[in-house]
Amino acid sequence: MTNQEPEFSLHGADALRAAFRRHASGVAVITSVAKSGEPIGFTATSVTSLGSNPPLVSFNISRGASSYPHLVPGVDLAIHALTRENLELAKVMSGPKEARFESDLHTWSHGVPIFLSAAAILIGRVRTRLEVEANAVVVVDVLRGSENPDTEPLLYFKRGYHTSGERLADNF
């Protein structure tokens with residue numbers, strides 16, 4: 001057996017970008033409301049379960065993002081897990097902020113904008129934000145949710161949108 005030392009030729013931000021281009025992530029849309037009452041939202045690929053007891057979710061956001069100032073502790077929001085049918089929604093919500101709520105694809109529930117076509121929707125409340133350099137981790141208490149069974153998830157991989165493909169094995 002050869003015990004060959006791997007070559008680590010990438011450094012810093014280049015290493016990070018290269019690794020995460022090869023790490024598939026689920027695509028979500030996060031929505032909330034500004035103090036002015038206007039809807040806010042964006043596409044995110046960093047949503048993850050933080051734990052189930054208590055039920056917590058986290059996501060990352062740039063502190064320079066237009067939605068960031070509104071995501072303070074105590075604010076309600078919705079996290080939408082997207083399906084392959086939500087591709088256009090993912091694109092719109094990652095585009096210019098002025099165009100994100102122009103269509104009539106959303107409704108309102110629990111005080112926040114909701115996209116009913118999502119695979120699953122969590123309603124939550126911002127618990128805390130951890131600011132790190134130009135970014136932040138937002139921790140959300142999950143209050144309630146809904147799901148649309150038998151939907152295929154939308155994934156982000158190698159700077160593009162994909163679907164999950166074939167099931168290789170169960171993990172239970």
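**Stop 1: a three-strand sheet**

Select strands E1, E11 and E12: these three strands form an open sheet, in the order E1-E11-E12, with antiparallel pairing. Strand E1 (25-26) and strand E12 (160-163) are the edges, each pairing on one side only. Keep in mind that this is a predicted model.

Now show E1 with strand E11 (residues 154-157). Two bridges join these antiparallel strands. Which residue stands opposite serine 25? Pick tyrosine 156 in E11: that is the residue facing serine 25.

**Stop 2**

Move to arginine 159, in the loop between E11 and E12. Is arginine 159 buried or exposed? The relative accessible area of arginine 159 is 68%, and the cut-off for exposed is over 50%, so this residue counts as exposed.

Alanine 24 and arginine 159 are 135 residues apart along the chain, and their C-alpha atoms are separated by 9.6 Å.

**Stop 3: a tilted aromatic pair**

Next come the aromatic rings. With ring centres required to lie within 6.5 Å, the count comes to three aromatic pairs. Two of them are on this tour.

Select phenylalanine 42 and phenylalanine 59. Their ring centres are 5.9 Å apart and their planes meet at 55°, so the pair is tilted.

Colour by accessibility. Phenylalanine 42 has a relative accessible area of 11% and is buried. Phenylalanine 59 is buried too, at 0%.

**Stop 4: a stacked aromatic pair**

Select phenylalanine 101 and phenylalanine 115. How are these two rings arranged? They form a stacked pair, with 6.2 Å from centre to centre and 20° between the planes.

Show the flanking elements. Phenylalanine 101 lies in the loop between helix H2 (87-93) and strand E7 (107-109). Phenylalanine 115 lies in the loop between strand E8 (112-114) and strand E9 (120-132). The pair therefore ties together parts that are 14 residues apart in sequence.

Buried means under 20% relative accessible area. Phenylalanine 101, at 15%, is therefore buried. Phenylalanine 115 is buried at 2%.

How values were computed: Residues are numbered from 1 along each chain as its sequence is written. This is a predicted model: local features need pLDDT of at least 70, side-chain atom pairs count only at pLDDT 80 or more; totals for chains, interfaces and linings use all residues. Side-chain values use heavy atoms; hydrogens and water are left out. Rings of Phe, Tyr and Trp (its six-membered ring) pair if their centres lie within 6.5 Å; planes under 30 degrees apart count as stacked, over 60 as edge-to-face and the rest as tilted. Buried means under 20% relative accessible area, exposed over 50%, partly exposed in between (1.4 Å probe, protein chains only). Helices (H or I, at least four residues) and strands (E, at least two) are DSSP runs, numbered from the N terminus. Two strands pair if DSSP finds at least two bridges between them.
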